[in-house]
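This report describes a pocket and a group of aromatic rings. Please consult the sequence and the structure shown below while reading.

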Amino acid sequence: MPRNIAFYIASRYLLAKKGSTAVTFITWLAVGAMTVAVAAMFVIISVFSGLEDLNKDLISNLHADLTIKSTSGKTIKDLSNITNVLKNNKEISSFSRVIEEKVYINYNGKGDIAYLRGVDSAYIKVNPIDKNVFYGVYPSFNYSNEVLMENSLDNRLSIPVASSTDYATVFMPKPGTGIINKEEDIYNKKDILVTGVFPGNDQLDNYIIAPIELTEELLNLTKGSAYQIVIKLKNPEHTDTDSLKEKLLSSLGKNIEIKTKEEENAAFWKMINTEKLFIYLIFALVIFITTFNLAGAIIILQLDKKEQAKSLISLGFPLSHLRKTYFYTGVLIVISGIITGLIVGTALCYFQLYTEFFRANETLPFPVKIVGKNYFIVAITASIFGFAISWFFSKISKEYIIKN
C-alpha cells in the first residue's frame with residue numbers, strides 16, 4: 001500500500017478509465033481549460049519579451065550607450081577638454097557630435113515639420129543607421145547639404161531620391177527680438193539633396209540625418225559645436241554604465257550631464273513595462289476565472305464519489321485525508337494543465353519564430369522571445385490560483401460527508 005494513500009487515490013480518480021463519464025469529461029475539461037489559459041498567457045508574455053528586444057533595436061538607432069549634454073544652455077562648452085577625456089577612456093569605442101533641432105521642410109509647395117539631426121562622420125560608428133538605408137545611399141559628408149531622410153516623410157513630400165537637381169528647402173527660425181525688416185530676419189534656409197531613405201518607426205519618425213555642418217550653418221553656430229556627444233562603449237553588455245558615468249562626470253566637471261540609453265528613453269520604457277503589467281494582470285484574471293472549472297470538477301467528483309468516501313471513512317480513513325484526496329486531485333489537474341499549457345505555448349512560439357506566420361503588418365512579424373523566467377511567472381501564477389481553489393473547495397468535502 002502506498003505511503004501517501006490520499007495522493008494515490010487522487011491519482012486514481014484522475015487517471016482511472018472506469019467511473020462516471022460525466023466526471024471524467026468535466027475533469028479533463030478543467031485540464032483543457034487550464035492548458036489553454038496557460039498557453040495563451042505564455043505566448044502573450046513571450047511576445048512582449050520579443051517586443052522589448054525589438055524596441056531596443058529601434059532605440060539603438062536613436063539613443064547611444066551614453067549621451068553627454070550641457071546643463072547650462074544647449075551648446076556644450078569646453079568641447080576640446082571633453083573630447084580628450086573621451087579619447088583617453090579605454091571603455092569607450094567611439095563618440096560623435098550631434099546637433100538636433102526642429103525645422104520646416106518644403107518641396108514643390110508641400111511642407112512638413114521635421115527633426116533635423118546634424119551628425120559628424122563618426123556617427124555611424126556609434127549608431128549604425130547607414131545599415132538601415134534601403135534606397136539610395138548614406139550621405140558621403142563631402143557636401144553639407146546631402147541628407148538621409150525617413151521614408152514616410154520623404155513619401156509625404158514626394159522628394160526624389162539620389163537626384164542631383166531636385167532640391168528641398170529646410171527653414172530654421174532665427175532666435176532673437178527686434179523689428180523684422182526682411183525675410184532673412186525670420187529664418188535661415190538651406191537647399192538639401194536627399195541621397196537615401198531609411199525606414200521609419202515610432203522612435204525615428206520625421207527625422208532627417210544630415211552633416212553637422214548644415215545644422216551649424218542654419219543655427220549660426222561656430223564650427224565644431226555640439227548639443228550632444230553620443231558615445232559607443234566597447235562592451236556595453238559587460239560595462240557598468242552607472243560607474244562609468246560617475247567617472248566621466250568627475251573628469252568633465254560642472255555644467256555637464258550624462259544619461260544612459262535607458263535614462264534617455266525612460267518614459268518609453270515606463271510605458272512598455274506598464275503595458276506588460278496590465279497584460280499580465282488581464283491574463284492572470286483569465287487563469288483565475290478558468291480555475292472555477294477546477295472548482296466544478298472537485299465538487300462533481302465529491303458528489304460522484306460520495307458512497308466511496310463513506311466506505312473509506314467507515315474503514316477508518318480520516319476525514320483530513322479525504323480532504324487531502326480532493327485537494328491532491330485539484331493539484332494534479334492544475335499541474336497537468338500547466339505542463340501541457342507550457343508545452344503548447346512553447347510549440348506555438350517556435351512555430352512563430354520559424355514561420356513568422358502571424359504578422360503585425362506586411363513586413364513585420366510578431367516578435368517572440370522564449371525566456372526562462374516566463375515559464376516561472378506563468379507556472380507560479382497558475383499554481384497560486386489553482387492550489388488556492390483546490391484547497392478551498394476540498395475543505396467543503398469534510399462538512400459535506402459529515403452532513404450526508
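Strands are DSSP runs of at least two residues, numbered from the N terminus. The model discussed here is predicted.

**The second largest pocket**

The second largest pocket holds about 300 Å³ of space. Its lining comprises 16 residues, and those closest to the centre are Lys69, Glu100, Arg117, Gln228 and Glu264. Two strands, E1 (66–70) and E9 (228–233), each contribute at least two residues to this lining. Strand E1 gives the most, with three residues. By residue class, the lining of the second largest pocket contains six charged, five polar and five nonpolar residues.

**Aromatic rings**

Nine aromatic pairs are present in the structure. One of them joins Tyr104 and Phe171; the ring centres are 6.0 Å apart and the planes meet at 45°, so the pair is tilted. Because Tyr104 belongs to strand E2 (residues 92–107) and Phe171 to strand E6 (residues 168–173), the pair ties together parts that are 67 residues apart in sequence.

The table sets out the accessibility of these two residues.

| Residue | Relative accessibility | Class |
|---|---|---|
| Tyr104 | 35% | partly exposed |
| Phe171 | 19% | buried |

The classes follow from the cut-offs, because buried means under 20% relative accessible area and exposed means over 50%, with partly exposed in between. Which residues form one aromatic cluster with Tyr104? Phe171 and Tyr187 form this cluster together with Tyr104.

Methods: Residues numbered from 1 in each chain as written. Predicted model: local features only at pLDDT ≥ 70, side-chain atom pairs only at ≥ 80, totals over all residues. Heavy atoms only, no water. 1 Å grid on protein atoms, 1.4 Å probe; cavity = no way out; pocket = protein on both sides within 12 Å on 5 of 7 lines; lining within 4 Å. Points joined across faces, edges and corners; volume = space filled by probe spheres on them. Helix = DSSP H or I, 4+ residues; strand = E, 2+ residues; numbered from the N terminus. Nonpolar A, V, L, I, M, F, W, Y, C, P; charged D, E, K, R; others polar. Phe/Tyr/Trp six-rings, centres within 6.5 Å; stacked < 30°, edge-to-face > 60°. Buried < 20%, exposed > 50% of the residue type's maximum accessible area, 1.4 Å probe, protein only.
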